[in-house]
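Morning, everyone. I will go through one model today, strands first, then a helix pair, then the domains. Please have a look at it before I start.

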Amino acid sequence: MIKIQPENYRFLQENIRRQSGIVLDDGKDYLVEARLLPVAMEHGLKTLDDLCTKLRLLSDISLQRKVVEAMTTNETYFFREPAHFEALRAHVIPALLELRRIDQKLRFWSAAASTGQEAYSLAMLLCEMGLESWDIRIVGTDISTTVLDRAAAGVYNQVEIERGLAATLRTKYCTERSADSWEIKPILRRMTTFQLFDLRFNIRALGPFDVVFCRNVLIYFDPITKSRIIEDIRTALKPGAYLFLGGSEVALPVGPGFSRAVASEATFFKSV
Ligand SMILES: C[S@@+](CC[C@H](N)C(=O)[O-])C[C@H]1O[C@@H](n2cnc3c(N)ncnc32)[C@H](O)[C@@H]1O
């Protein structure tokens with residue numbers, strides 16, 4: 001395999017950071033090759049250097065999008081970090097039910113939704129808590145249209161549907177369409193919507209939310225971008241709302257607008 005020229009690797013680092021915020025460390029040539037060579041070949045290009053030449057021409061927006069999408073990490077599964085869902089069930093939702101008992105309206109945001117398992121896990125939890133009569137909306141957003149299309153379709157293969165999801169919940173909230181295909185039932189899909197959204201821009205336009213899950217995405221950004229996004233999320237929260245970050249992000253400084261809380265072995269943040 002022909003190795004990418006160092007100046008082209010630097011070009012890709014800058015290009016991907018500008019388009020998505022994702023910081024690609026030095027020496028990740030193997031990762032870039034594994035993810036971008038298939039994109040290059042799909043466009044009739046033989047090497048990553050050819051891909052960079054084409055990207056520099058700025059002539060193909062769909063190629064640019066595919067490059068960014070290929071560099072996103074979309075790993076996710078149902079009820080990832082179960083302590084977060086237990087903290088929601090036992091502490092956060094009961095507190096919100098009291099706080100919002102007059103308008104009976106709750107708004108959730110899965111801020112890096114990937115293929116949708118996080119949003120549907122939230123929907124299942126809320127149904128299991130008997131909140132179908134409340135006005136509940138869960139919005140899932142992501143920078144990748146490929147994963148959002150999958151999230152909106154709500155169709156998972158056998159491996160995906162079994163990852164993190166108890167058999168009882170699977171049979172209650174999903175329909176088996178064929179040997180290797182399960183579909184999320186309408187009761188959950190009615191509560192959820194998915195839309196394209198880059199976390200780095202105009203968060204204030206979304207919301208206001210009662211609960212934000214922004215998990216396992218800030219790790220890909222530089223420190224300034226991480227802090228700015230956390231501060232912007234705060235402006236999209238209702239008073240007394242909650243923010244959950246991923247396990248490796250929870251130690252990030254969140255600023256004076258949040259108080260740190262620990263319950264059910266989960267750490268999360270409450271807007272003050
Ligand atoms: C590892 S997944 C996290 C999925 C889920 N939150 C979880 O914890 O299981 C990270 C997601 O962040 C998305 N992402 C990366 N950069 C983004 C950006 N600038 N704005 C919005 N989403 C972004 C990726 O497309 C990817 O689907």
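Start at Phe 258, which stands opposite Ser 271 in strand S10. Before going further, this is a predicted model, in which local features need pLDDT of at least 70 and side-chain atom pairs count only at pLDDT 80 or more, while totals for chains, interfaces and linings use all residues. Residues are numbered from 1 along each chain as its sequence is written.

On terms, helices (H or I, at least four residues) and strands (E, at least two) are DSSP runs, numbered from the N terminus. Two strands pair if DSSP finds at least two bridges between them.

Back to S10. Strand S9, residues 258–263, pairs with S10 in the antiparallel sense over 6 bridges. The two form a hairpin with 2 residues between them, and Ser 264 in the turn has a positive phi of about 50°. S10, residues 266–271, also pairs with strand S8, residues 237–245, again antiparallel, over 2 bridges. There, Tyr 242 has Lys 270 of S10 as its bridge partner.

Next, the open sheet. It has 3 strands in the order S3-S5-S4, with antiparallel pairing. S3 (155–156) and S4 (174–178) are at the edges with a single partner strand each, so one side of each has no neighbour in the sheet. Between S3 and S5, residues 181–184, there are 2 bridges. Val 155 has Glu 183 in S5 as its bridge partner.

Now the helices. How do the axes of H1 and H3 cross? H1 covers residues 6–20 and H3 residues 48–56; their axes come within 10 Å and cross at roughly 50°. That makes H1 oblique to H3. Axes here are lines fitted to C-alpha atoms, for helices over the stretch in contact, and angles run from 0 to 180 degrees between N-to-C directions. Angles under 35 degrees count as roughly parallel, over 145 as roughly antiparallel, 65 to 115 as roughly perpendicular and the rest as oblique.

H1 contributes Asn 8, Phe 11, Leu 12 and Asn 15 to the contact, and H3 contributes Leu 48, Asp 49, Cys 52 and Leu 55. Contact means C-beta atoms, placed from the backbone, within 7 Å.

Last, the domains. The protein chain is divided into domain 1 (6–71) and domain 2 (82–271), with bounds from an automatic or database domain assignment. Their C-alpha centres lie 30 Å apart. The contact takes 5 residues from domain 1 and 8 residues from domain 2.

Notes. Contact = placed C-beta atoms within 7 Å.
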